[in-house]
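Hi,

Here is the model I promised to pass on. Have a look at it first, and my notes follow below.

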Amino acid sequence: MSDTPRHPFLHGLSKHRGAPPTVVVIFGASGDLTARKLIPAVYNLSHDNLLPADFHLVGYGRKAIPDGEFRSLAADAIKEFSRRELNGEVWERVAAHTTYVAGGYDERAAFDRLAQHIDGIEKKIGRDVQRLFYISTPPSVFAPIIMNLGASGLAAKHLGTPLHAKVIIEKPFGKDLTSARELNGTIRSVFEEHQVYRIDHYLGKETVQDLLVQRFANAIFEPLWNRNFIDSVQITVAEEVGVGSRGGYYEQSGCLRDMIQNHTMQLLALTAMEPPGSLDAEAIRDEKVKVLKAIQPLTIGPAGDVARAQYGAGMMSGKSVPGYLEEEGIQPQSNTETYAALRLSINNWRWQGVPFYLRSGKRMARRVSEIAINFRRPPGTLFAGETARFDLAANTLSFQIQPDEGLSLILNTKVPGLETRTQPVKMSFRYATTFGSNTAEAYERLVLDAMIGDGTLFIRGDEAEASWKLCTPVLDYWRSVGRTGMDTYAAGSWGPPSADALLAKQAHCWRQP
Ligand code: BG6
């Protein structure tokens, strides 16, 4: 098996991709993400026979948990969070090779124990295995874990062979440009870049991957994909949930760090990048970095390119919900935004003059993530003047990332009848209708990709830095002005007036998807 497939994106979740024998070690094994996403992902990969024959799962955490108890916690997680019901036979295949190692994240000796534990697995099965380390802990211990993986020799094990160690790092990748650079420095002191897989789970979503296929496997889009035909682009990642019990984390983060710097910027990069020379991970990531670097620095301050707000009390699905400042664990005078919107300009030949609007928020009217490409209007010479008869919309192509994954195009059409009247109609394609709805979750794809050595759907170090470079001045400014300029929006609405004002300057308005 070759270590790096030549066109990995083309191979897909196929049984022929063949991950080598692997031990996956999850740091933060008793955490929320492990239960909600990682264990169910491993289970579903097993269900689809996509795990290698010699697959071992090792949970690692500070709490001492006997192997049996870890296995039963994992089974409970599958029952509660997996897209498929727990099938005893399928789970047993994984459970029989699931163990747990207790240790601190900065405890050097515990990493030696982990190394011995994995050596023991190799001895038992009589062959070498690749080590895949999944760091799913709070960010404060990312660096100690990485350093200990280096000091214990785990990072360098089998380096130079196809079984070299790999590390997956969860978000948040830094909290600003300086910390992201520092973290990259720590990682590079221990791992080579090709061993590193920085997660942005949005890249594992089906529709996000389909964006590449739609753009580059169809001849009709690319000729129109530029400033001559596109008027503006809107990227929305709206959530209905509030901060819930994550107040402690969220107060340190806020929407710009939690959603904009990573998820929406990745969507922008895939939408706006130039066609890569190949589907090779590096070729795609080179193009993403290029376009991220071409974004003009934001104008910050009153009447600038950025809006922020906190949700106030409001109604969600007929129930009244509290405002952000009333939520558990939130400071009464909190300066943390639950909504952020940006107006970006990309300074290159393709996009000069086309605004890219990004927004994300919690407690918004509807859970929806989409990329909407708004085309220019045709010359108004024919169907013009009588607005009552000629109801014309700009053509909009929208990629609905979730829910109801699909693609739609707004076209103007003649209303049947003897009089010529026009009306915008929506032409839609829904994945669930065509392909059924039980598709793999993002984490299944991402864990398998890392096992196989395919970095296409992961963030490279320079990408993370390019995105932080853009966002950090905004964070610095917000910190310096405290709550000044913090807008509010009612829970259950589409966001604050200041975000509408960002678009009004160019006579645009937000879609209500
Ligand atoms: C995470 C954020 O990265 O993405 C959460 O930390 C957010 O705050 C989540 O709720 C949204 O992901 P999804 O896949 O539910 O859209």
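Leu256, Arg257, Gln261, Met265 and Gln266 in H10 meet a set of H14 residues: Glu463, Ala464, Ser467, Trp468, Leu470, Cys471, Val474, Leu475 and Trp478. Contact here means heavy atoms within 4.5 Å, and helices (H or I, at least four residues) and strands (E, at least two) are DSSP runs numbered from the N terminus.

The axes of H10 (residues 255-272) and H14 (residues 461-481) come within 10 Å and cross at roughly 145°. Those axes are lines fitted to C-alpha atoms, for helices over the stretch in contact, with angles from 0 to 180 degrees between N-to-C directions. The crossing is right-handed, meaning that the near helix is turned clockwise from the far one by less than a right angle.

Before you read on: this is a predicted model, so local features need pLDDT of at least 70 and side-chain atom pairs count only at pLDDT 80 or more, while totals for chains, interfaces and linings use all residues. Residues are numbered from 1 along each chain as its sequence is written, and side-chain values use heavy atoms, with hydrogens and water left out.

Now the ligand. H10 gives the most to the shell around it, with three residues. The residues around the ligand (a heavy atom within 4 Å) include Lys171, Asp258, His263, Lys362 and Gln402, and the shell divides into three nonpolar, three polar and six charged. Ligand oxygen atoms sit 2.7 Å from a side-chain N or O atom of His263, 2.8 Å from one of Lys362 and 2.6 Å from a polar side-chain atom of Gln402. The cut-off for such polar contacts is a pair of N or O atoms within 3.5 Å. Taken alone the ligand exposes 400 Å², and the protein buries 79% of that (Shrake-Rupley areas, 1.4 Å probe).

Pro172 is in the loop between E5 (166-169) and H7 (177-190), and Pro403 in the one between E14 (396-402) and E15 (406-415).

Best wishes

Methods. A polar contact is a pair of N or O atoms within 3.5 Å; within protein, one must be able to donate a hydrogen and the other to accept it, and residues adjacent in sequence count only if both atoms are side-chain atoms. Ala, Val, Leu, Ile, Met, Phe, Trp, Tyr, Cys and Pro count as nonpolar, Asp, Glu, Lys and Arg as charged, and the others, Gly among them, as polar.
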